[in-house]
Amino acid sequence: MSDRVSRRGFLAAAGVVGLTAADAAAFGRRRRACLPQPCPPGPWPPPGPGLRVRQNANALTPGQLDSLRRGVAAMKALPDTDPRGWRFQANVHWTTGSPSNPLFNQCQHGTLHFLSWHRAYLYFFERILRAQSGDPTLCLPYWDWAADPALPAAYRLPGDASNPLWHPGRTVNDGSPLQPEDVSGVGGALAATAYPGPFGFNRLLEGNPHGTVHGAVGGDMGSVPTAARDPVFWLHHGNVDRLWDVWLGQGGRANPADAAWLDRTFPFADESGATVQARVGDYMSSARLGYRYDNAPPSGAAVAVATAVAEAAPAPPRVVARSAADGPPEKAESKPLGFAVERVRVKPVDPAARQALDARPAAGAGRVYVRVEGVSAAAAPSGVRYGVYLNAPADALPGPDRLRYHVGTINFFGKTRAELKLPGHGHAGHAGAAGGTFDETFDATAVVARLRQAGRWDPDALDVVIMPVATVPVGGTAEATQGRAAADLKAADVRYQRVSVLQQ
Ligand code: C2O
């Protein structure tokens, strides 16, 4: 069943979100790219007066902005084959062709090294950028998207190639804001107490906000092989890295202490163009790397205390309601998702499940999850992601009230059919057997509690809405937004197979 998405947009406030998949299983399946000799540790921190401070991009002085632009322009002027060059650095993340250098195609997504690999990547990129700018005080800035949903002005104005920070093809170059669904996962990720696991910090942060913001910025940023060509990549990952410090700074949180995890090495190029082997354990502390963020405590060496990687996997929740007959999702019919509201009825799988859904859980118990299964896309649709909402009445869509029912956001960053079929690419799902599909599981407990409170929780009348969320151009018409999104979605051929509700 589907209602058209009506005219105006997709605006408003907050929600509780989770992202999932089998992190622990994915860990280790990833291709081992380690090279033999580990990076000699030190000197730590690098020479310099105290800790350098990575600042909010909106707080840079004109002088700092000049240095940043000069550094980016200098890197862009180097040949593509120079390890310090802009394109070479982007290729370290991923390439569109076949990799022509052992340093290429290294990015870690869907694995326990998502945060650690990207921290080391930024660290060496920043050293190159600093050297190229000629300003020994230069630091990478960050974009705090949850606080400032519009792309920082320096990255979009002047809006042409005279500005090294501008990049064509983004949906947010006109200053249009990200949607609440793009950053709704920040609170849930920071609340996670474990680093690993399907609901651990590393995994939650990677989905929403990280992947959703990639999708929302669109253009090159929306797709893994091209993402790091856009200067916004470094600004975006500055904030992801900052949130790692924020997470640890809350206390009661620890990075993995698993020896195999800490001893993994990844190759990067440094500011001299030489290859260095970065050992993950040397990237656990921003203070040890010589920097901190302007509004977060630096993480210190003390944070790496025992959290066994295997320990954090919770008992799997069980399916209590489903949109289609039981069986493997690849047997379920695959349905297209376009620029329309898809409303999916879900029914209790048996009388016991119905009873479990009906029972009021004891305080603190009874987590409920919504899982969209067998999702796939031929390409990442630029600027389009899908919000998932539980029991949202038709009149709440697509206005701001929808956020009361929002459980999570599906993004396609690194998760196209072709990407999921890459050997060793860590995304969980049904890569291989079912041909590049993935599942997303969102924690819906808070939405269920709200529905119960409003007397709107009925196990016999459950539905899940899957709705496109698009960036709305400043001053643009709803028709124009819809037209652009619809064209992108046509090429993306987004599909899903079924929807389940789970309880734990
Ligand atoms: Cu490796 Cu935000 O990407």
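Student: Let's start with one residue. Is Asp443 buried or exposed, and why?

Tutor: Keep in mind that this is a predicted model. A residue counts as buried when its relative accessible area is under 20%. Asp443 has 12% relative accessibility, so it counts as buried.

Student: Where does Asp443 sit, and which side chains does its side chain make polar contacts with?

Tutor: You'll find Asp443 in strand S12, residues 438-443. Its side chain makes a polar contact of 2.9 Å with the side chain of Arg367. Another polar contact, at 2.5 Å, links the side chains of Asp443 and Thr445.

Student: Now helices. How do I describe two that pack together?

Tutor: You give the angle between the two axes and the distance between them. Take H2 (residues 62-77) and H4 (residues 114-133): their axes come within 8 Å and cross at roughly 100°. Angles of 65 to 115 degrees count as roughly perpendicular, so H2 and H4 are roughly perpendicular to each other.

Student: Which residues make that contact?

Tutor: From H2, it's Ser67, Leu68, Arg70, Gly71, Val72, Ala74 and Met75; from H4, it's Phe125, Ile128, Leu129, Gln132 and Ser133. Sorted by class, the H2 contact with H4 has 7 nonpolar, 4 polar and 1 charged residues.

Student: How many residues of helix H3 are buried, and what do they pack against?

Tutor: Go through the helix residue by residue with that burial cut-off. H3 (residues 86-93) is mostly covered, with 7 of its 8 residues buried. Those are Trp86, Phe88, Gln89, Ala90, Asn91, Val92 and His93. They pack against H2 and H4, along with helix H8 (232-249) and strand S3 (265-269).

Student: What about loops? Where is Gly175, and is it buried or exposed?

Tutor: Gly175 lies in the loop between H4 and helix H5 (180-183). With a relative accessible area of 15%, Gly175 is buried. Leaving aside residues up to four places away in sequence, Gly175 touches Ala150, Arg156 and Val474. Gly175 is also 20 residues from Tyr155 in sequence, with 9.9 Å between their C-alpha atoms.

Student: Zooming out, what are the overall numbers for the protein?

Tutor: The protein has 13 helices and 15 strands. Of its 504 residues, 56% are buried. Among contacts with a separation of 6 or more, 79% are between residues 24 or more positions apart. The accessible surface comes to about 18400 Å², and 57% of that belongs to carbon and sulfur atoms.

Technical notes:
Residues numbered from 1 in each chain as written. Predicted model: local features only at pLDDT ≥ 70, side-chain atom pairs only at ≥ 80, totals over all residues. Heavy atoms only, no water. Axes fitted to C-alpha atoms, helices over the stretch in contact; angles between N-to-C directions. Helix = DSSP H or I, 4+ residues; strand = E, 2+ residues; numbered from the N terminus. Parallel < 35°, antiparallel > 145°, perpendicular 65-115°, else oblique. Contact = heavy atoms within 4.5 Å. Nonpolar A, V, L, I, M, F, W, Y, C, P; charged D, E, K, R; others polar. Buried < 20%, exposed > 50% of the residue type's maximum accessible area, 1.4 Å probe, protein only. Polar contact = N/O pair within 3.5 Å; in protein donor to acceptor, adjacent residues only side chain to side chain. Areas by Shrake-Rupley, 256 points an atom, 1.4 Å probe, with all protein chains shown as cover.
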